[in-house]
2 protein chains.
Amino acid sequence: MRNRPIPEATVARLPIYLRALLDLAEGRGETNVSSEELASLAGVNAAKVRKDLSYLGSYGTRGVGYDIEYLLYQITRELGLTQDWPAAIVGVGNLGRALASYKGFSERGFRITALFDVDDSIVGQEVGGLPIRHLDDLKDIVADEGISIGIIATPPASAQEVAEKLVDAGVKSILNFAPAVVNVAPDVNVRKVDLSIELQILSFYQQRTQAIQTAREANRRLSQA
Amino acid sequence: MRNRPIPEATVARLPIYLRALLDLAEGRGETNVSSEELASLAGVNAAKVRKDLSYLGSYGTRGVGYDIEYLLYQITRELGLTQDWPAAIVGVGNLGRALASYKGFSERGFRITALFDVDDSIVGQEVGGLPIRHLDDLKDIVADEGISIGIIATPPASAQEVAEKLVDAGVKSILNFAPAVVNVAPDVNVRKVDLSIELQILSFYQQRTQAIQTAREANRRLSQA
DNA sequence: TCTGGTTTGTGATAACTCTCACAAGCGCAT
DNA sequence: ATGCGCTTGTGAGAGTTATCACAAACCAGA
């Protein structure tokens, strides 16, 4: 099982286990956790937890469970969170500002070290202690500060152009909040977070259940008549 | 093919096609689009586009492609976006504020009609033209305004409690931005958007490629020596 | 009407992911 | 030492998703 590449689906869940383990480590003095318990904290089933963790290695003890601290360390290491990753945010509108001061990033070892925009009326201002730089200076600053992650929070029309500039500056990991598809070279990793897409998916299922309920009610009226 | 339930994976892509189609409709005067072109705009492959669309029905014409307007309408209808869904945001911190003024929501038929918080020092303030109400009034306001979607943008510790209040108020669709797992009854739909989890996933792949490059370089140095 | 070029719709298959169920292994009590 | 209860690790099978590849269908032009 070891040495096999870790499935994408598993990678996507490791951060959830990590968070649950951090909660456990802070909480009561227990040193161990069972797959059952971890599963319930993570909102998945126990078999999945065990299989996921088995891809990292055999870190549990049968009859006992997993040592919380040890597992924490292993997941942290596997996710590459033992080093910290300087990140830049491009686009300092409402969303960019919120991201710049988002606690969750720094808590996980992601330091936002630079903010960029093209709007001269805000370039130079400070947000959360960081000055807003002009996008033209991106390449130099990325090199100087060893920035490895780019976060796009621009309007959709600028997203592709910004992505290209980030790639040109040497960034290999991009998190895209703009509601637009960005195409980049295959050795660059792009993940997207699309706020309104998630709502649209909810809408689909909401409509569905509502339709079913309406049908049930119609049915009831018919059978009563 | 018709009448079969639409796979989740397909539902998750429909909003992406929708966005691409909207761009097309605004752009040049073309009335048709091929699966190939739509695929490239959506960043997926053509076969997937065709299979996805075939779940909705046979809306294309062989040798020609898909009529943009017609397809737009069908996807809009399927996603339940012909009606608009009043939504409430709970938690008016940085993120909540950014979401409240996020253009992407209203553009897709999601109206934010209420904001809630528990902090008395901000309750009563206005954000984007909407007053911040106290969470205690949630149930009444949800009922009055027919709110069907709840957006959680609170700190993680409050997320579960807020989710329960939303459910108690009759909300069946929840979008959770708090970095915490929320458990609700199975007839309630929860989707989560976790900003830092996405970064952690990027970190995993970034570390991976970096490790490969380091190994390659070491190899090169060895073979040169 | 027929022919050629184009594009859809979809069976078939491959790849991936989830779930089940149980043997293997551990610790504790006796 | 031995047995019992508990929990992991994982093979096997089910379910879901992605990809391939091609027949069916359409349009335009002759």
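**Reading a two-chain model with DNA**

Mentor: The surface near DNA strand D takes at least two residues from each of α2, α3 and β3 (65–67) of chain A, and likewise from each of α1 (8–26) and α3 of chain B. Please keep in mind that this is a predicted model.

Trainee: Of the residues around DNA strand D, which come nearest?

Mentor: There are 28 residues around DNA strand D, and those that come nearest are Gly60(A), Arg62(A), Gly63(A), Pro7(B) and Gly63(B). Among the elements, α3(A) provides the largest share of this surface, 5 residues. Its residues divide by class into 10 nonpolar, 10 polar and 8 charged.

Trainee: Which elements give two or more residues to the surface near DNA strand C?

Mentor: Begin again with the residues. DNA strand C has 28 residues around it, of which Pro7(A), Gly63(A), Gly60(B), Arg62(B) and Gly63(B) come nearest. Two or more residues are given by α1 and α3 (46–56) of chain A, and by α2 (35–42), α3 (46–56) and β3 (65–67) of chain B. Here the largest share, 5 residues, belongs to α3(B), and the classes are 10 nonpolar, 10 polar and 8 charged.

Trainee: What rotation and what shift superpose chain A on chain B?

Mentor: The general idea is that two copies of a chain are related by a rotation about an axis together with a shift along that axis. In this model, chain A is superposed on chain B by a rotation of 180° with 0.0 Å of shift along the axis, and the RMSD is 0.1 Å. This is the relation of a two-fold axis. Within chain A, the residue closest to the rotation axis is Ala98(A), whose C-alpha lies at 3.2 Å.

Trainee: How many residues of chain A are in contact with chain B, and how many of chain B with chain A?

Mentor: The contact involves 48 residues of chain A and 47 residues of chain B. On the side of chain A, two or more residues each come from α1 (8–26), α2 (35–42), α5 (94–100), α6 (103–107), β9 (173–176), β10 (189–192) and α9 (195–224). The most is given by α9(A), with 14 residues. By class, this side of chain A has 26 nonpolar, 15 polar and 7 charged residues.

Trainee: Why may one say that the copies meet through the same surface?

Mentor: Because 98% of the interface residues of chain A are also interface residues in chain B, the copies meet through the same surface.

Trainee: At what angle do α1(A) and α4 of chain A pack, and how far apart are their axes?

Mentor: Two packed helices are described by the angle between their axes and by the distance between those axes. For α1(A) and α4 (residues 68–78) of chain A, the angle is about 145° and the axes are 10 Å apart. Their crossing is left-handed. On α1(A), the contact is made by Leu14(A), Tyr17(A), Leu18(A), Leu21(A), Leu22(A), Leu24(A) and Ala25(A); the residues on α4(A) include Ile68(A), Leu71(A), Leu72(A) and Ile75(A). The contact comprises 11 nonpolar, 1 polar and 2 charged residues.

Trainee: In what order do the 7 strands of the open sheet of chain B stand?

Mentor: Strands of a sheet pair through backbone hydrogen bonds, in either a parallel or an antiparallel sense. The order in chain B is β6-β7-β5-β4-β8-β9-β10, and the pairing is mixed. The edges are β6 and β10 (189–192), each with a single partner strand, so one side of each has no neighbour in the sheet.

Trainee: Which strands of chain B pair in the parallel sense over 6 bridges?

Mentor: These are β4 (residues 85–90) and β5(B), where Trp85(B) has Phe110(B) as its bridge partner. Strands β5 (residues 110–117) and β7 (residues 130–134) of chain B are also parallel, over 3 bridges, and Phe116(B) is partnered by Arg133(B). By contrast, β6 (residues 126–127) of chain B and β7(B) are antiparallel over 2 bridges, with Val127(B) opposite Leu130(B). These two strands form a hairpin with 2 residues between them, and Gly128(B) in the turn has a positive phi of about 55°.

Trainee: Which strands of chain B does helix α8 lie across?

Mentor: Helix α8 (residues 156–168) of chain B lies across β4, β8 (149–152) and β9 (173–176), at about 170° to β8(B).

Trainee: In what order do the 3 strands of the open sheet of chain A stand?

Mentor: The order is β1-β3-β2, with antiparallel pairing. The edge strands, β1 (32–33) and β2 (60–61) of chain A, each pair on one side only. Between β2(A) and β3(A) there are 2 bridges, and Gly60(A) faces Tyr66(A) of β3(A). Gly60(A) was also listed among the residues nearest DNA strand D.

Methods:
Residues numbered from 1 in each chain as written. Chains lettered and ligands numbered in written order. Predicted model: local features only at pLDDT ≥ 70, side-chain atom pairs only at ≥ 80, totals over all residues. Contact = placed C-beta atoms within 7 Å. Helix = DSSP H or I, 4+ residues; strand = E, 2+ residues; numbered from the N terminus. Nonpolar A, V, L, I, M, F, W, Y, C, P; charged D, E, K, R; others polar. Near = placed C-beta within 6 Å. Least-squares fit on C-alpha atoms with pLDDT ≥ 70 in both. Axes fitted to C-alpha atoms, helices over the stretch in contact; angles between N-to-C directions. Left-handed = near helix turned anticlockwise from the far one by under 90°. Pairing = 2+ DSSP bridges.
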